[in-house]
Amino acid sequence: MNPNQSTGLGESVVWRGSLSTFKIFGSLAPAAFDDKREHFPHFDASTTSGIIVDVLRASTSLIAIVGAGCRGVYVDVKPKSGEYPFEPPKPLDHLRADWVYGGELNGQPIQGIDPDGKPVLGVIGNSPTEISPGAFDDKLLRFFSSNGSKAIRSMMRAELRSAHVMCMANITSTVEAVLACQPERIWLACGGFYGSGSMEDSVACGIAISRLIDRGFASEYEIDDDAQHMLMVARWYLYGDHIAANELIVKLRNQQVGRLLADIGHERDIDAAVAGTGMKGSLWGDMASVRLKLATNEYPFLVPENSTTGAMDDV
């Protein structure tokens, strides 16, 4: 029997045979998340919370933007045409807010078209070092991304109980926020690198898994293979509660995303994403307390937990 086939009970043989015994799941890239999700019965998805990670650089920039005062971020997929619409997204165009626009292409902020057809430069690229404390106070951002947007949309389609965005800066706050949702299972999904895994995402997820185990959410025997991979990679750089940041930074500079960032002149973003080096003012510290959640499973709109912008009666 094909393991992908349903048993007629609304769940796959794979789910009944092995997956249902785990409490923590991992996926190294959005497509891997989608493939594994096919084996989840709907009733279990509704009791599962998700964590979305794309350390270099989408989730780090998103957390920094919210740490800088942004009320909410609509994360859009980069259009294939290369023409970026700088106007409020249709599902949220009723909100009375100061909308701004951003994203990055080949290391530079994108240029979009305003409603009058005039070219306009985005207010932010995809580098956390560009963001200043308070720069997004009381604003909403439409942010165009690639790997990060795919991971967020995959999580949105899964219709989980909750979904939060995490980077290296806010691991502890994210773990606390997810546990507060009282899920039966937790799924960590990475943005990865064009369909494959990336070391920085695995390390961040592995640290979170270590914290979840320490909190008693699950044992090491209750995490699936990808989550085990994440945990093992993270432990190479963990010393008690502390991460060997310099050692990890050196390693990442020679990995696939690090080399790409060096090619486009953004190698310093590695230091910023791992340890906050080069971040402006108090922003790295401000990011530590950010709990950034998916407001609804209908569209990719992220809001901080203390915001009312994402309340269902508002959106």
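Is Lys36 buried or exposed, going by its relative accessibility? Before I answer, please keep in mind that what we are looking at is a predicted model. At 14% relative accessibility, Lys36 counts as buried, and its side chain meets that of Asp226 in a salt bridge, with 3.4 Å from N to O. Because Asp226 sits in helix α8 (residues 225-235) and Lys36 in helix α2 (residues 30-37), this pair ties together parts that are 190 residues apart in sequence. Asp226, for its part, is partly exposed, with a relative accessible area of 22%.

Asp271 and Arg253 are joined through their side chains at 2.9 Å, N to O, a pairing that links helix α11 (residues 268-275), where Asp271 lies, to helix α9 (residues 245-253), where Arg253 lies, across 18 residues. Here Asp271 is buried at 15% relative accessibility, whereas Arg253 is partly exposed at 31%. Glu176 forms a salt bridge with Arg215, their closest N and O atoms being 3.6 Å apart, and these two residues belong to a network of salt bridges that also takes in Arg291 and Glu305.

Glu200, in helix α7 (residues 199-214), is buried yet has no salt bridge, and the nearest side chain of opposite charge, that of Arg57, is 9.5 Å away. The side chain of Glu200 does make a polar contact of 3.1 Å with that of Ser198, and, leaving aside neighbours within four places in sequence, Glu200 is in contact with Val55, Leu56, Leu252 and Val257.

Key:
Residues numbered from 1 in each chain as written. Predicted model: local features only at pLDDT ≥ 70, side-chain atom pairs only at ≥ 80, totals over all residues. Heavy atoms only, no water. Helix = DSSP H or I, 4+ residues; strand = E, 2+ residues; numbered from the N terminus. Buried < 20%, exposed > 50% of the residue type's maximum accessible area, 1.4 Å probe, protein only. Lys, Arg positive; Asp, Glu negative; His and termini not counted. Salt bridge = Lys/Arg side-chain N within 4 Å of Asp/Glu carboxyl O. Polar contact = N/O pair within 3.5 Å; in protein donor to acceptor, adjacent residues only side chain to side chain. Contact = heavy atoms within 4.5 Å.
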